[in-house]
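Keep the sequence and the 3D view open as you read.

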Amino acid sequence: MRRGATTSSSAATDAGTEASLADPAIPPPVVRLLERLWQAGHAAYVVGGSLRDALLDRPAADWDLTTDARPDRLLELFPDAVYENRFGTVVVRRGGVAYEITTFRIDHEYADHRRPHRVEFGDRIEDDLARRDFTVNAMAWGRPTGDTGVGAPLSGPELVDPFDGRADTDAGLLRAVGDPHERFTEDALRMVRAVRLAATLDFTIEPGTLAAISDQAHLAAHLSGERIAMELEKLLAAPSPSVGLRLMADTGLLAVVLPELEAQRDIPQNKATGDDLLDHTLRTVDAAPVDRPIVRLAALLHDIGKPATLADGHFHGHETVGAEMAGDLLRRLRMPRAISERVSLLVRHHMFTYEGTWSDTAVRRFITRIGRHALEELFELREADSIGSGIPADSFGLAELRRRVADQLESQVALGLSDLAINGDDLITELGLTTGPAIGLILDELLDRVIADPDLNDRPTLLVLAQSMLSQDG
Ligand code: ATP
Ligand code: MG
């Protein structure tokens, strides 16, 4: 999949034309931002992951620019820009896309194996590149300051590559800039980034860099949940996340960052022979759809309840225990609550069973139990789980259940409280009820009746039913 770039690194061409910048492929809005800075006499470069991706002919996730212009100067040059003080970055929006322009930096004094203590603005692109993590991320493409006098032609844009990142890009190698031990001691996230980038780019980690990760994996314990979560999300969006997860397991990072998964090692599986539970998890993650981040996350966590529940060769109730553990883990990573709740729900229900003898009412109850928005994700999780177990994706009657669920959803029958022909207000105005828990109980019971017999979902009928429920209770 990897494609080496075929461009020459310093195409010295006439200043300012887009054609001269087509190499490497930099999008026109980025070129225009660079030109504005160059014409104003500043050094400006495309830098980091976006340049790496352009050289690899991969779509870049985001375009990063760096310059010697200070933030206040950038705001003068781009009056519509926004200064994000927290990151020291100026953001310019063009055609709905945000471009980050960051002033050259020099890092000082790292504390706690996290971000640098103090960041200073610099004047040299080489200093800015030296603080970056891997050689493939430490290249810049652009022009130095145009201090050659007014009217003098600008020098051609060129690749600034002090750490031979270009060669590593072509060879598909992730190599730390400088001494890997030092760099990982400065910021332990770089180790997580290494395994993540290995999976995203299908790159190999250079042996010295890999050995340093194994030596210093314990430092990852200092990382905040948020920073780990950002890399984990990117890892799960890789074609085969197992590449990175396996590297995490082999280097010891997994034990530090996700000990719940490390605990799956050597837990036997009755599925594919020779596989342990961790092998099964990694297969399941890879089998989950790449464009479904929630399903990938649920696949990663679907069996985390197994090690704790293993008894007599069974994992009784592992989905319930696992749902709790998944929620705890995602809270630790500071994931938004909507995500942790959805993943937890998927883990809790991933062992659902289906029989061809189910009535339509049973299908509707299943839909209500899971919630219609989570159904497709649950089916995708089950498919991935099956593939991860070495059995066909549509085992357990999945295809038939899916069809029957789709039929029910299409027929517009009531499947949730919001589908009922009456609501709590109706109970108050029509039946004189007062606000309180009784209203919820009655609505739940009405929904139950309607799921069993959709014809009941009609205003007067439901009011009569509600009245009879009231008189029974009274
Ligand atoms: P992606 O393509 O997934 O965005 P990326 O390498 O661009 O990958 P970003 O988080 O966008 O990742 O970071 C942009 C650039 O900033 C990197 O390419 C690298 O040069 C630098 N960088 C990011 N994080 C670190 C870090 N922890 N230490 C040193 N440099 C870093
Ligand atoms: Mg990036």
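## Ground rules

Buried means under 20% relative accessible area, exposed means over 50%, and partly exposed is in between (1.4 Å probe, protein chains only). By that scale His302 is buried, with a relative accessible area of 0%.

This is a predicted model, where local features need pLDDT of at least 70, side-chain atom pairs count only at pLDDT 80 or more, and totals for chains, interfaces and linings use all residues. Residues are numbered from 1 along each chain as its sequence is written, chains are lettered from A and ligands numbered from 1 in the order in which they are written, and side-chain values use heavy atoms, with hydrogens and water left out.

## The ligand site

Around ligand 1 there are 17 residues, and the closest are Gly49, Arg52, Asn137, Arg190 and Arg196; a residue is counted if one of its heavy atoms lies within 4 Å of the molecule. What is the make-up of this shell in nonpolar, polar and charged residues? It has one nonpolar residue, three polar ones and 13 charged ones. Here Ala, Val, Leu, Ile, Met, Phe, Trp, Tyr, Cys and Pro count as nonpolar, Asp, Glu, Lys and Arg as charged, and the others, Gly among them, as polar.

Helix 2 (49-55), helix 7 (189-201) and helix 9 (225-236) each provide at least two shell residues. Helices are DSSP runs (H or I, at least four residues), numbered from the N terminus. Because domain 1 (14-171) and domain 2 (172-257) both give residues to the shell, ligand 1 lies between them; the domain bounds come from an automatic or database domain assignment.

## Contacts with the ligand

A polar contact is a pair of N or O atoms within 3.5 Å; within protein, one must be able to donate a hydrogen and the other to accept it, and residues adjacent in sequence count only if both atoms are side-chain atoms. Gly49 places a backbone N or O atom 2.9 Å from an oxygen atom of ligand 1. In the side chain of Arg132, an N or O atom is 3.0 Å from a ligand 1 oxygen atom, while an N or O atom in the Asp187 side chain is 3.0 Å from a nitrogen atom of ligand 1. Taken alone, ligand 1 exposes 590 Å², and the protein buries 83% of that; these areas come from the Shrake-Rupley method with a 1.4 Å probe.

His302 sits in the loop between helix 14 and helix 15 (306-309). Its side chain makes a polar contact of 3.2 Å with the side chain of His280, and a polar atom of the His302 side chain lies 2.6 Å from the backbone oxygen of Ala299. Thr281, in helix 13, is 20 residues from Leu301 in sequence and 7.8 Å from Leu301 in space, C-alpha to C-alpha.

## Helix 21

In helix 21 (residues 424-431), which residues are buried? They are Gly424, Asp426 and Leu427. These cover an arc of only 160 degrees around the axis, which puts them on the same side of helix 21; the arc is that of the directions from the helix axis to the C-beta atoms. Asp425 and Thr429, on the other side, are exposed.

Asn423 caps the N-terminal end of helix 21, with a side-chain oxygen 3.0 Å from the backbone nitrogen of Asp425. Just after the helix, Gly432 takes a positive phi of about 70 degrees.
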